[in-house]
Amino acid sequence: MTFESDNLTIKKVKGNFKVPSFKCINCDKDIPWERLYKIFCSELCQEEAKYVRYHRKVIVEGKDKDPHIAVAIEVKRVSVVSGGYSTKDRKIPESIRVKVLKLAKNRCAICGKLGREVDHIKGSSNDIENLQLLCWDCHIAKTMQNHKLIKYSDPRLLDVILKNTELDKRVKRKKPIKICDDSLLWDSRRKKVNDDRKVSYFKNVADFIKKQHLYNSTNQFISDKLNELGIPTFSNLGAWDRKAVGIVLKFIDGR
Ligand SMILES: [Zn+2]
Ligand SMILES: [Zn+2]
């Protein structure tokens, strides 16, 4: 079996079907098949690449020293660097957010201005006593303060330093290191990355259909069979249908 994309490795085997795995454009790890687009392995990687593109773009435009933009850069950077260990646990359910807003009467706990940022007072517990409402400015100030206060004894310190070093390189290198760092071309390339991977997956499925000697059956029969065997669709949403099978079969020569 041959594959078009060098980013593709065989991961799991279902019967005679080999479920491939694609590498994250940002970190090179395998992308869980549950991800709708086979580009990034996680929201965090997507955000990290977005930050790199933003920072590169404002440097090119000569705006990175503008005080407002400098703050925006720092906030994005802090959230990406700290996100690695806290995004998931720190997510606050909407029902709790609403409660905090109501209790605080929409006022920032520090300065009294109107605010909408629900903040963890300490750690990541979503208990109502550990949450407070802050305005945007106070929230940024606190986030940055916390970031600076990371202690030498903190086990995350090494990760933070390594991540910062990597991001500095990606931001400052004249030529983008990764294709997702390219602020000019990424929008048009991201679709191509996903489409190319979809094609390579479809070829893989086509190959399977051929090996199973199914290609002379009706598209309906083939799609039922693929569903029955648990062959995942590319987006992992929904099931195979006649139309999707029709597209896949175009990759079988001489049909
Ligand atoms: Zn990743
Ligand atoms: Zn405030």
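Over residues 85-89, how many contacts beyond four places in sequence does the model have? There are six, and pLDDT stays under 50 over this stretch. Keep in mind that this is a predicted model. Its mean pLDDT is 86, with 88% of the residues reaching 70 or more.

**Confidence**
- Residues 1-8 are another stretch where pLDDT stays under 50, and here the model has 18 contacts beyond four places in sequence.

**The zinc site**
- Four cysteines hold the zinc ion (ligand 1) through their SG atoms: Cys24, Cys27, Cys41 and Cys45, lying 2.3 Å from it.
- Along the sequence, these donor residues follow the spacing C-x2-C-x13-C-x3-C.
- Cysteine 27 sits in the loop between strand 2 (17-22) and helix 1 (43-60), while cysteine 45 is in helix 1, so this pair ties together parts that are 18 residues apart in sequence.
- Cysteine 27 is partly exposed, at 26% relative accessible area, whereas cysteine 45 is buried, at 8%.

**The nonpolar cores**
- The largest nonpolar core contains 31 residues, and Phe40, Tyr201, Val205, Ile209, Leu226 and Trp240 have the most contacts inside it.
- Strand 2, helix 1, helix 6 (186-211), helix 7 (219-228) and helix 8 (242-249) each give this core at least two residues, and helix 6 provides the largest share, with eight.
- A second, separate core has 10 residues, among them Tyr51, Ile69, Val80 and Val81.

How values were computed
Residues are numbered from 1 along each chain as its sequence is written. Chains are lettered from A and ligands numbered from 1 in the order in which they are written. This is a predicted model: local features need pLDDT of at least 70, side-chain atom pairs count only at pLDDT 80 or more; totals for chains, interfaces and linings use all residues. Side-chain values use heavy atoms; hydrogens and water are left out. Donors are N, O and S atoms within 2.8 Å of the metal (3.2 Å for Na, K and Ca); water is not among the atoms, so sites may look incomplete. Helices (H or I, at least four residues) and strands (E, at least two) are DSSP runs, numbered from the N terminus. Buried means under 20% relative accessible area, exposed over 50%, partly exposed in between (1.4 Å probe, protein chains only). pLDDT is the predictor's confidence in each residue, from 0 to 100. Contact means heavy atoms within 4.5 Å. A nonpolar core is a set of buried Ala, Val, Leu, Ile, Met, Phe, Trp, Tyr and Cys residues joined through side-chain atoms within 4.5 Å.
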